[in-house]
Amino acid sequence: MTDTDITDERTDDASTAADERDPLFARIPRRDFMKAGAATGALTGLAGCTSLLSSEENATAAADVDASVPPGEHDEYYGFLSGGHSGEIRIYGIPSMRQLMRIPVFNRESARGYGFDDETRGMLEDAGGYTWGDTHHPRVSQTDNDYDGRWAFVNDKANGRMARIDLKYFETDAIVDVPNQQGTHGACCMLPDTKYVFGVGEFRVPMPNDGRDLDDPEKYTSTIAAIDPETMNVEWEVLVDGNMDNGDGGKNGRWFFATGYNSESAVTESGMSESDTDWVKAFDVPAIEEAVEAGEYEEIGGVPVVDGTRDSSLNEGDRSLVRYLDVSKSPHGVSVTPDGKYAIASGKLDPTCSVIDIEALGEVDDPNEAVVGRPSLGMGPLHTAYDGRGHAYTTLFIDSQVVKWDIEAAVEADAESEDPVVEKIDVHYNPGHLIAAESYTAEPAGDWLISLNKLSKDRFLPVGPVHPENDQLIYIGDDDAGMELVKDTPAYAEPHDASIVHKSKLEPASTYDPADLELDPVGVDDVDIQREDGRVDVKMTSQRNQFGFEDITVREGDEVTITVTNIETTADLLHSLAIPEHDVNIKLAPQETRKVTFTADEPGVYWMYCAFFCSALHLEMRSRLLVEPAE
Ligand code: CUK
Ligand code: CUA
């Protein structure tokens with residue numbers, strides 16, 4: 001396969017060929033066309049109802065499996081989906097696929113006041129001051145290889161950052177700008193107990209990237225970063241040859257795995273896919289910790305950086321820090337099986353996945369001997385998820401399918417055998433990640449799987465040239481009946497990875513606990529205005545249907561700080577403090593205190609108002625900000 005094949009999508013091929021016969025055929029890829037044709041036994045007469053047939057097919061599947069969640073009832077699972085270059089995380093209920101909430105992470109977001117109040121704005125500024133990020137891999141913290149409800153983490157591929165989301169309040173509470181990394185791509189937890197969150201550096205750059213070695217790509221490098229989940233400090237990094245892509249931690253506290261697609265150290269697309277093999281790197285975490293402990297590192301960017309390149313003296317002997325396994329070709333996803341036995345890396349530009357025996361890795365002289373299976377699965381394997389019954393499910397980007405296969409059968413079979421394949425199902429279209437319920441834990445639930453498809457083409461009402469992505473819900477709970485496609489869900493750009501967590505493992509708060517907030521709450525008796533040297537300090541409350549002041553008078557040029565507490569105790573009674581023409585809108589959930597600082601630089605009357613529709617007198621919930629002219 002050449003590197004052009006990856007862009008040569010089969011769906012486009014089919015569309016072009018079909019276009020010449022009838023524009024209607026253009027809407028349905030050849031694969032579906034043939035399947036639908038076989039089902040009716042007649043290709044003639046199809047032209048007028050191709051879309052109909054494919055939706056009938058789905059309706060049949062949906063009828064067999066009950067994924068309905070009646071009005072007023074709750075879903076079984078939380079799905080945490082990344083939002084790609086929107087910079088956010090979305091929460092879905094599963095199996096309904098209803099979008100429950102969006103959590104801004106690297107993006108300023110007015111409806112949640114995120115990046116508007118002093119605290120969150122300061123957090124975004126301290127983390128580099130960028131207004132966007134590229135979230136790919138939301139991973140939820142675990143204890144003893146099971147979700148513990150504390151945090152979710154997500155990377156920023158665009159600016160080399162990692163963020164933490166507090167799962168009591170479902171909000172971003174920390175962001176670290178990872179030194180020495182541009183393009184923090186893979187993200188995952190060190191298991192069993194989330195000792196570290198790993199950030200995997202994708203873009204190779206000079207180290208440090210300060211203008212040296214600009215056009216000397218041989219000297220570019222990338223690192224993995226081990227981040228302490230409590231402090232969000234980067235504890236250490238390991239520098240490697242080639243680039244890295246995705247990562248996953250083993251289940252027993254020893255290994256961490258990363259794929260990479262550029263062992264060539266090239267800077268062009270063709271150069272990066274020249275070689276027939278690339279590496280999976282296996283990091284021996286306790287050995288790395290010992291090296292750090294022994295001072296065998298160089299401090300770069302304020303972080304201990306251990307040399308894990310192939311020629312490093314630390315990689316000699318029987319306790320090498322990083323083992324380089326040759327796998328074919330430009331592997332993309334890597335994920336560890338629920339039992340912790342294997343790490344499975346997907347070939348991307350090769351139709352196989354590589355099955356790595358994790359225990360063997362610590363025993364063999366040549367790490368390549370730990371590759372114990374290489375089933376041939378189809379075109380463009382990208383990511384793999386698990387059902388806990390010994391099956392793996394891998395997305396096939398080019399074939400637009402999900403393939404279910406038997407892991408032990410793949411270890412038994414010859415390399416490149418198709419025998420381990422159990423079943424394939426069409427998805428629509430070109431899937432990236434897929435995620436099964438609790439697949440990243442030791443005990444996946446084995447019922448629901450979501451295929452995160454990059455293209456939706458004809459599946460939804462057209463909304464202009466920017467099409468939604470399509471997240472498809474598939475039932476995998478019945479091995480006899482096989483996989484069943486249950487639901488299409490349009491998604492805003494662009495979910496990459498997801499984590500699915502059973503609802504019993506999270507305990508979200510429904511109002512704020514003032515003890516968890518950094519700011520002291522403002523009570524009814526604390527309402528106050530202080531003025532000093534061009535600074536105005538306002539403390540006030542919000543409550544149906546008033547702010548603590550009817551008027552606030554300041555002078556032109558004053559720096560105004562308003563601290564507000566929503567003193568409601570009733571869940572879901574939110575207010576906001578919006579100030580026209582001052583770029584202010586902070587959200588205030590019950591018992592929440594926030595602070596906002598701005599300059600009153602234009603004289604005039606400004607109606608401060610509440611932007612959440614909170615009661616029948618919501619529209620009347622407003623106060624005046626009076627800015628007196630300076631002279
Ligand atoms: S990546 Cu996007 S489809 Cu960032 Cu895990 Cu594979
Ligand atoms: Cu408070 Cu609307």
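Is Asp318 buried or exposed? Asp318 is exposed, at a relative accessible area of 73% (buried means under 20%, exposed over 50%, partly exposed in between, with a 1.4 Å probe and protein chains only). The structure is a predicted model, in which local features need pLDDT of at least 70 and side-chain atom pairs count only at pLDDT 80 or more, while totals for chains, interfaces and linings use all residues. Residues are numbered from 1 along each chain as its sequence is written, and side-chain values use heavy atoms, without hydrogens and water.

Asp318 sits in the loop between β16 (303-307) and β17 (strands are DSSP E runs of at least two residues, helices H or I runs of at least four, numbered from the N terminus). Strand β17 (residues 322-328) is largely enclosed by the rest of the structure, because 6 of its 7 residues are buried. Strand β14 (residues 277-284) pairs with β17 in the antiparallel sense over 7 bridges (pairing requires at least two DSSP bridges). Thr277 stands opposite Ser328 in β17.

The structure holds 43 salt bridges (a side-chain nitrogen of Lys or Arg within 4 Å of a carboxyl oxygen of Asp or Glu). One of them joins Asp75 and Arg98 at 3.2 Å, N to O. Asp75 lies in the loop between α3 (50-64) and β1 (77-82) and Arg98 in strand β3 (residues 98-104), so the pair ties together parts 23 residues apart in sequence. Asp75 is buried at 8% relative accessibility. Arg98 is partly exposed at 32%.

Arg594 and Glu171 form another salt bridge, at 3.5 Å, N to O. Arg594 belongs to strand β38 (residues 593-599) and Glu171 to strand β7 (residues 171-177), 423 residues apart. Arg594 is buried at 7%, and Glu171 is buried at 16%.

Note on methods. Chains lettered and ligands numbered in written order.
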